[in-house]
Amino acid sequence: MLVGYSSSSEDEGEAGSEAELKKRRCQEENDEEDSNPARKKAKTEEQVTKARLPVPHCLLTMFPDDVDPQTEDSSLHGGRIRSFKHERGNWATYVYLPYHPVEEFGEFLDELLAAVKTHGVVLTPQEEFHISLSQTVVLRHHWIQPFTQSLKTGLAHCKRFMCSAEKLKVYCNAEKTRTFLSMEVCTGHAQLMDLIQIVDRTMTDFRLETFYKDPSFHVSLAWCPGDATVQMQECLQQLQTLVDDHEEGPFTLRLDCVELRCRTGNKTFCFPLDS
């Protein structure tokens, strides 16, 4: 009995010693971590990483990269190339006066495009026709409301007017990525300059680029990619003859300027002029 009792006591003593040893080691590790913040931080981050749940795939695809590869693919835009990189929250913006084509305009434009094609240049008609009153600038989304409100206030007392265009002219953008066949404005220049001053004032307030110092107001009719200025100039006189010798006299684009428009991204704002 004494032997059995002695053996049991020894086992309990050994177990107690091991428990105390483990407790002492844990205390020493805790003391070491307290004295070594970097080790403590690494251990904490490891624990957080193990505890973090994986992000569902549906959430990862809710916010794609800032640039959609398709938006930069010129083949999806008829060969047009962006003047600036597309970024989420940036809205391409410009101000203009719309031109609403008369019935015979389509036939007249087809004649011009056919004549240009015989000189090896294939032009694409514009999707819409207008006189630009600003350069294309970039607006942040939260600027749109104050920007358009500034335009509205500035244009409140501007009067309606008429302008016309009848002389063909070739333009190429600054990047040399697009060439345009256009008709230059011949009347209404003074009123257009008054509008430019108002638009430029808003551009300046938002620290955006103003319009050209000596603008050549025009309505672009058609375009082609690249710099085709030389080829277009070679046939420009022939094209002007088609304008001047139209069936009922020189073909003239007449614009009834009753409202300005501002296109920003996929939104269009209209500003009626005073009657």
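A polar contact here is a pair of N or O atoms within 3.5 Å, and within protein one atom must be able to donate a hydrogen and the other to accept it. Keep that in mind for R140. One caution before we go on: this is a predicted model.

So, R140. It sits in strand 4, residues 137-140. The side chain of R140 makes a polar contact with the side chain of N90, at 2.4 Å. Leaving out residues up to four places away in sequence, R140 touches R88, G89 and N90. T93 is 47 residues from R140 along the chain, and the two C-alpha atoms are 9.9 Å apart.

Next, Q126. This residue is in the loop between strand 2 (124-125) and strand 3 (129-132). Q126 counts as buried, because its relative accessibility is 16% and the cut-off is under 20%. What does Q126 touch, not counting residues up to four places away in sequence? The residues are R178, F180, S220, L221, A222 and W223.

Last, a helix pair. Helix 5 covers residues 144-154 and helix 6 covers residues 189-205; their axes come within 9 Å and cross at roughly 150°. The crossing of helix 5 past helix 6 is right-handed. On the helix 5 side, F147, S150, L151 and G154 make the contact, and on the helix 6 side I198, V199, T202, M203 and D205 do. Sorted by class, that contact has 5 nonpolar, 3 polar and 1 charged residues.

Definitions and conventions. Residues numbered from 1 in each chain as written. Predicted model: local features only at pLDDT ≥ 70, side-chain atom pairs only at ≥ 80, totals over all residues. Heavy atoms only, no water. Axes fitted to C-alpha atoms, helices over the stretch in contact; angles between N-to-C directions. Helix = DSSP H or I, 4+ residues; strand = E, 2+ residues; numbered from the N terminus. Left-handed = near helix turned anticlockwise from the far one by under 90°. Contact = heavy atoms within 4.5 Å. Nonpolar A, V, L, I, M, F, W, Y, C, P; charged D, E, K, R; others polar. Buried < 20%, exposed > 50% of the residue type's maximum accessible area, 1.4 Å probe, protein only.
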